[in-house]
Structure formats: structure tokens, C-alpha cells
Amino acid sequence: MAPRMIRNLTIVVLLCLCSQVIQAQYFIHKTFRDTRVVNGHSVETNNEGVAKFIISHRFGTISSGPSEFFGLDQATMRIGMDYGIKDWATVGIGRSTFEKTLDGFVKVRFLRQKSGEKSIPITLTGFSSIAVNTLPYPDPTRENYFTSRLFFTNQILIARKFSDGFSLQLMPTMVHRNLVGTLVEKNDVFSCGMAFRYQLSRSWALSGEYYYVLPDQLAAGRYNAAALGFEVETRGHVFQFQFGNAIGMVEKFFITETSSDITKGDFHFGFNITRDFKLRGRKY
Amino acid sequence: MSMKDLRYILILLALLMLSSWDYSGTEKVIFDESTPLMLLKSSLGKEIPSHYLKETNPKETEIGRQLIFEGRAQLEKGKSDYISKFYVCTSCHNTVKENIDLGKVDQEARLDYAIANNLPYLQASTFWGVVNREIWYNDDYVKKYGDLVIKASKSLKESIQLCAQECSQGRVLEDWEMQAMLAYLKSIEVRLGDIGLTDSQLASLNSNELDQSEKLRIIDEHYLVRSPATFSEPPADKKEGYGMKGIPERGKAIYELGCQHCHKEDGVSDLVLDNAKKTFNWLKKNITADSQYSIYQIVRQGTYASHGHREYMPHYTQEKMSDQQLEDLRSYIVQMAR
């Protein structure tokens, strides 16, 4: 191993260790109310020992009219469970009806915003996920590979809570698709998301997110994902209602496969409901 | 010297030897400020209860401390299982002295002491000196919970088990855990110097002027062997409250040392009460509500564990928060909501 590589590796390890020390000093909490903004993840992680059950629905386009009950006749669903291994590390799995997709992720918070002495201006969380399409192969006669079913996402979530009521988040993201449909599509898709939360009252908040995909990476007819949501927090539950143009709830869907164009009024209604369960104790 | 004289001399010598034996073999116990209250009372004829461990070791005491503060302990084979998923003992109990005068209930003095020493202002009695008490879960706890607390009211061990299973919604303690917790509790027992005796009272305990019962009476006047518990109701008209004028500065202390002990970020409660104006507005709006979000209702009645949501809030008895203090809390909330 080259000395330079060893040095860089050492710096990375030291930074990771330092981040753990820094975590012991945190006191800016709840930059976002939940671990999801709308479709994508927020910087928040589960508390240690807490399992979060999440059920999400995205319906058809509202513009489909009364015959489709404004989209409610069609729905895609994701059911998932996240678990806090530590206060700063969460793992999760989920299953979406859309393309019968299984997904799993790891999320680690490296920095936590802190005010006062030795302040830290941001919360920084790393997110990495894998998704597996489990649909039957469209053409079983050809040679198919399991790896063709795999999709990977890596994100850095950077957020700052500016006040009790307002938080902002940036999400530089890379989605890797092992197999793409056409030659013009890129396997590695780079994008940058932006999200916010504005607290309307103690229980109600407005949230939104937008993922800008850098040009010339996707096939024609794919659009940037945008969503606006309202969330209400009750005892142990968070309800999120949203309007957006994506119907998938896994990164590879809403970042690279959003096909509804908001400029044409193609909005979908959807919701996330989360419920926390304490599976084990923790240090208070 | 005749045989008779020799006999007298021998008897005299024998008497001298006996008398000297008597004096050298009896050590007079001097009670001073470091004397544990339990040993003093025992020397005055009180029976030592079974929860009071005669011998403890530092390792066991440390394990007990961990169980009480962290809910589990670091053992040689690894960390033990949490006693409760939801709480630790110190969620509701302090482990230090909470009042200067230990012979009476004085909510204002308790709050002053909490402010001066930056102590949480909690619903439950402190563990400091709990081994010196003679009754636990007394008064209205017995009236309300009946058979559930009868055994616990007469035994500290039963009280701890009840607390582990019901109050903290956890599990039965194993023998080693109980032993370790008792060892830690012994390490925070009350000593003679803690109960505020005057020099003359201390001297009288060391003299023969008073008999044992009088000495015990002096001690009992300075230390409550039970923690009185009176349950009360929210005011009939929440808008009017209890009719006293609240002092916001006192209410601020109650909010910060009491409410926010549990209702903080990453605290034991999901409901976070921060210092945001929206939070105070929400609390103010709910003062008159007929719900658990009214400070009157939650402080006086608490909530109960339910299926799927075992976390709950125990109420404050009158002795732990007076009506005046509740009005102080209200006045602070109203002030901060402006």
C-alpha cells in the first residue's frame, strides 16, 4: 500500500473517531421530524433500540380525474422497518410493490450540529442502500444475470437547523444501476437534492424536497423528482401527507425513473405513516 | 503475714483484676456525625431490617450504581440485560439529599434546594436515605393501588421489585441485581451529621441523661421514616386554576428541573418540551383542556401505560409539587407564550 494511501486512510479513520467524540457533545436535535423528508431520507437516525415501522403509499396522478378517483384507485406501496443499532447508526429493509423491489440500507451519522463552544454548524449523515428488482426476467430465453437486478445508492446528507422552525438539507447523491435500458442512459447517475422543513405549529410542519439530476444521464421522459408534504406528529406516530411527481419510494425510482411531469400538473398524492417501537433499553 | 491477711490480699487482687478486666473490655461507643443512622438506631434497640446489608464491597456497590443510573451493569461476562426498555431509576428518583430539613415536608424548600444544587425536581422520593425509611408506597398509594402495593409498603426489596416491574414497566430483578442495588443504596444511607442535630442534641445522644426512647424520639423528629404521599385533583375550573398568583421565576425552575428532565430531546419521553415559543403556545392552549396535555391534568393525574405504548408519566403528589408550584409553572408558560 502506498504511503499516501495509508496516510489518507489514517486521516479518514481519525475523522471518523473524532466524529464520535464530537457526538458526545451534541445538542441540536430534530433537524427533521422523521427519518424521511418525503421520499428521500433526512439526516435523522433512529434512537438506539428503536424499531421504526413505516408504511408508505403513492397513488396515481390526481389529474386522472374522478373516474380514477383522482389517482386513489391506483397505488404503489412500500412497507419497511428501520432499526437503531446505535443512536448514530440505523439499518433498514423494505419491500415495494413497484417492480417488486426489495431494499436495504445503512445510515450513519458522522456529525451532529452543535451550538455554543466548539460549535458544529451542520449535521452530516452518510446513507448507502441496495435495491433488488424481483420481477420475473422479461426475456427468460436470453442469458440473465442476478447482478442486473441490483441498484445502489450512496448519499451524503448535510443539514442545518437554522431555527426551531426551519431546517434545510442538501443531498448529493449517486445512484448506480448495474443494467440500464438504453445506451444513452448512464449507469452512474449523479444528482443533488435539496429539502426543507418548516414548522407551522407544534404538531404540524411543511416539508419539501427536490432532486436535480445532472443533464444527459437519464432516458427521455424522465423528470426531476419534486414533492411537497405536510406532516403531523402525534404520540409515537408521524403522519406525512404529500403531493409529488414520483411514485417510487426507493432512491433508484424517484431519482432516476420519475416519469410524471409537474409542469403538466402530474401530481400524485401519497403518505407515510411511521410508528416507533422500543425493542431494547438505552442509556438516557 | 498471717494466712488470713494473705487471703484478704488475694481477694483484693482478684477484685482489682476483675475490675480492670471490666473496664478494658468495654468500649464506649461515641456517636458522631459520621455514624450511620441505622447503626445508631440499632444501638438504641431498633431492629436492623433485612434490606440493610451489614457488609458490602466496592465492586458490588458499583454494579448497583450502574443498574440504578444506566439500567444495566458491566459484568465480567459482558453487559447485563436492561431492567426496563423505557426508564432507568434516575428517570424519577434522585440519589442525593433533596432537602435541608429532613423532618418535614416543605415543597418550597425542596425546590430551593433543587435550584441551588441544580437537581432534577422529580415525582419520586430520593434514593438517598431510602434504606433508612420504614415504610414505602404509603398513604394514598395504598388507598389507590391497594393489594398491588401492600407488600411493597412494608419491604424495601418488594418496593424495588414493584418499581422495576410496574413503575418502570420492566422485568423482575434477579437476586444479584437486588443485592447490588441494596449495596449501592447502603452507600447513600443517612448519617447522623445529615439530619441537622444541634450540638447539645448530639451531646445528649452520647450521654446517659436520656433513655433510649427519648433518644429515638430526637432522631425521628429530624428524619421522616416515611415519605408522605397525598394525591390530589386538577382544579375544578382550570381557567381559574387553584386561585393563587403564580411566580414565573419559580415556574421556570420547575419547567427546567422538573418537566425537561424527561421531556428533553433524546429523553425518556417522546413528547419533547423545548424552549420554543410554539411549545409554550401549545402548552398554554392546553392548560384549560380536558386532556392529558393540560398541565393541571398531567401533573395531578399522570398517564397510564397502555398496550403498544408502555411509556407513561407518573403524577406529582402534593408533597412533590404543591398547588402553588403548579400555578408558578402555569405563570411561566403563559409568560413564555406571549
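At what angle do the axes of helix α6 and helix α7 of chain B cross?

**View 1. Crossing of helices α6 and α7 of chain B in the predicted model.** Helix α6 spans residues 147-154 and helix α7 spans residues 156-167. Their axes cross at roughly 135° and come within 5 Å. The crossing in which α6(B) passes α7(B) is left-handed.

**View 2. Residues that join α6(B) and α7(B).** From α6(B), the contact is made by Val149(B), Lys151(B) and Ala152(B). The partners from α7(B) are Glu158(B), Ser159(B) and Leu162(B). Sorted by class, this contact has three nonpolar residues, two charged residues and one polar residue.

**View 3. Buried residues of α7(B) and their cover.** The buried residues of this helix are Leu156(B), Ser159(B), Ile160(B), Leu162(B), Cys163(B), Ala164(B) and Cys167(B). Residues three or four places apart point the same way, because an α-helix has 3.6 residues a turn. Ser159(B) and Leu162(B) are buried, and both also take part in the contact with α6(B). The cover over the buried residues of α7(B) includes α6(B) and α8(B), the latter formed by residues 175-187.

**View 4. The residue Gln169(B), after helix α7(B).** Gln169(B) follows α7(B) and has a positive phi, near 55°.

**View 5. Contact between chain A and chain B.** Chain A contributes 15 residues to this contact, and chain B contributes 20 residues. On the side of chain A that touches chain B, seven residues are polar, seven are charged and one is nonpolar.

Methods:
Residues numbered from 1 in each chain as written. Chains lettered and ligands numbered in written order. Predicted model: local features only at pLDDT ≥ 70, side-chain atom pairs only at ≥ 80, totals over all residues. Axes fitted to C-alpha atoms, helices over the stretch in contact; angles between N-to-C directions. Helix = DSSP H or I, 4+ residues; strand = E, 2+ residues; numbered from the N terminus. Left-handed = near helix turned anticlockwise from the far one by under 90°. Contact = placed C-beta atoms within 7 Å. Nonpolar A, V, L, I, M, F, W, Y, C, P; charged D, E, K, R; others polar. Buried ≥ 20, exposed ≤ 12 C-beta atoms within 10 Å, placed from the backbone.
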